[in-house]
Amino acid sequence: GLRADDVSPIFTPLYHAGGLCAFLVPIVTVGGTVVLHAEFHCGEVWRAIERERATVVLGVPTIWQRLAEAPEMAATNLSGLRWAISGGAPLPRYLIDLYRERGVILKQGFGMTEVGVNCFAMTADEALAKAGSIGKPMPFTEVRVARAREDGSFEEITTPEEVGELHIRGPHVCRGYWHQPDATAAALDAEGWFHTGDLARRDADGFYTIAGRAKDLFISGGVNVYPAEMEGELVLHPQVREAAVVGVPDDQWGETGVAFVVCEVGVTPEALAEWLEGRLARYKHPKQYVFVTELPRGPSGKVQRLKLLELPD
């Protein structure tokens, strides 16, 4: 849906596939205008959006969170913005609603360096109707949600809303990892399906939603628990800014969740546990809450979960 009259500020790192290929190359290809930033600065991004009459903007959830917290947001004229898009990690529903209040349609995309920076698409109207979804597969892209069989092979899940691993196949999928045959064999099967490691579900209308990373899933009392679901409910608390949940060994349940939370002073574990009552089944509740000033993140804005467990008590 990009057009020759589109204008976009580019402030994501250009050494990252998303920064270079998600918007910069496509917009230049269609003849649009790129406003290149030397670094990410909330105030300057908002000023550029208004000054340059930006029409489309790409960011990751962390960026959309920080832009929403910037004082410049309230005063910025957003009338020229057709839509904005988020990628890199699941987009919390509260951010979608927050930007919608300002008249901004915030869509969610999905891509990987190995399979292309965007493998799904949806219209602005579909983004409103299917908030939180990444849309439907792009042309030339085959997608399936699959479960593992006992023999290690996979079968496609056809039941709507059932969670499985997201597999992608098409001419845009890489041929493997450079000089890493074992990694290539683990990611690409004999039929050409790339195993993304992401968990997803497809609804009855054919729209896909990311449930989290397979490696982040933990099993508590024999039941699968998806940290992204827990995090999505925690950040809806009015005093919570960010949250990340990690599964840790537990003698009774096998694994339980530890929630690392960035929030206002005075929030207690009891208050958060009460907040989750009625929102999540009891087995999905974190067993422990750790309050931190910030979550460790990599250059692309994704939470580095292993580093959470290395934080001092």
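How many helices and strands does the secondary structure of the protein come to? After that, please look closely at the sheet with the order β15-β16-β17, and at Glu 242 in strand β15.

Analyst: The model is a predicted one, in which local features need pLDDT of at least 70 and side-chain atom pairs count only at pLDDT 80 or more, while totals for chains, interfaces and linings use all residues. Residues are numbered from 1 along each chain as its sequence is written, and side-chain values use heavy atoms, with hydrogens and water left out.

The secondary structure comes to 10 helices and 17 strands (DSSP runs numbered from the N terminus, with helices being H or I of at least four residues and strands E of at least two). The radius of gyration of the protein is 20 Å, close to the 20 Å given by the globule rule for 313 residues, so the protein is as compact as a globular protein of that length (the radius is taken over C-alpha atoms, and the rule is 2.2 Å times the number of residues to the power 0.38). Along its principal axes, the C-alpha trace spans about 60 × 55 × 40 Å. Of the 313 residues, 45% are buried (under 20% relative accessible area, with exposed meaning over 50% and partly exposed in between, for a 1.4 Å probe and protein chains only). Among contacts between residues at least 6 apart in sequence, 59% join residues at least 24 apart (contact means heavy atoms within 4.5 Å).

Turning to the requested sheet, three strands form an open sheet in the order β15-β16-β17, with mixed pairing (two strands pair if DSSP finds at least two bridges between them). Its edge strands are β15 (240-250) and β17 (288-291), each of which pairs on one side only. Direction ignored, neighbouring strands of this sheet are turned by 25° against each other on average (axes are lines fitted to C-alpha atoms, for helices over the stretch in contact, and angles run from 0 to 180 degrees between N-to-C directions). Strand β15 runs antiparallel to strand β16 (residues 254-263), to which it is joined by 10 bridges, and within this part of the sheet Val 248 stands opposite Thr 256 in β16. Helix α8 (residues 227-234) packs on the sheet and touches β15, β16 and β17, its direction making about 145° with that of β15.

Leaving aside residues up to four places away in sequence, Glu 242 touches Val 235, Phe 260, Val 261, Val 262, Leu 295 and Arg 297. Glu 242 and Thr 293 are 51 residues apart in sequence, and their C-alpha atoms are 9.7 Å apart in space.

Three strands form an open sheet in the order β3-β4-β5, here with parallel pairing. Strands β3 (56-59) and β5 (106-108) stand at the edges with a single partner strand each, so one side of each is left without a neighbour in the sheet. From one strand to the next, the twist averages 25°. Strand β3 pairs with strand β4 (residues 83-86) in the parallel sense over four bridges, and the bridge partner of Val 57 in β4 is Ala 84. Helix α3 packs on this sheet, touching β3, β4 and β5, and its direction makes about 115° with that of β3.

A search of the whole structure finds five aromatic pairs (ring centres of Phe, Tyr and Trp, the last by its six-membered ring, within 6.5 Å; planes under 30 degrees apart are stacked, over 60 edge-to-face and the rest tilted). The rings of Phe 11 and Phe 40 have centres 5.4 Å apart and planes at 50°, so this pair is tilted. Phe 11 is buried at 6% relative accessible area, whereas Phe 40, at 27%, counts as partly exposed. In the pair of Trp 64 and Tyr 99, the ring centres are 5.3 Å apart and the planes stand at 80°, so the pair is edge-to-face. This pair links distant parts of the chain, with Trp 64 in helix α3 (residues 61-69) and Tyr 99 in helix α5 (residues 93-101), 35 residues apart. Trp 64 is buried, at 2% relative accessible area, and Tyr 99 also counts as buried, at 1%. Elsewhere, ring pairs link Phe 110, Phe 120 and Tyr 208 into a cluster.
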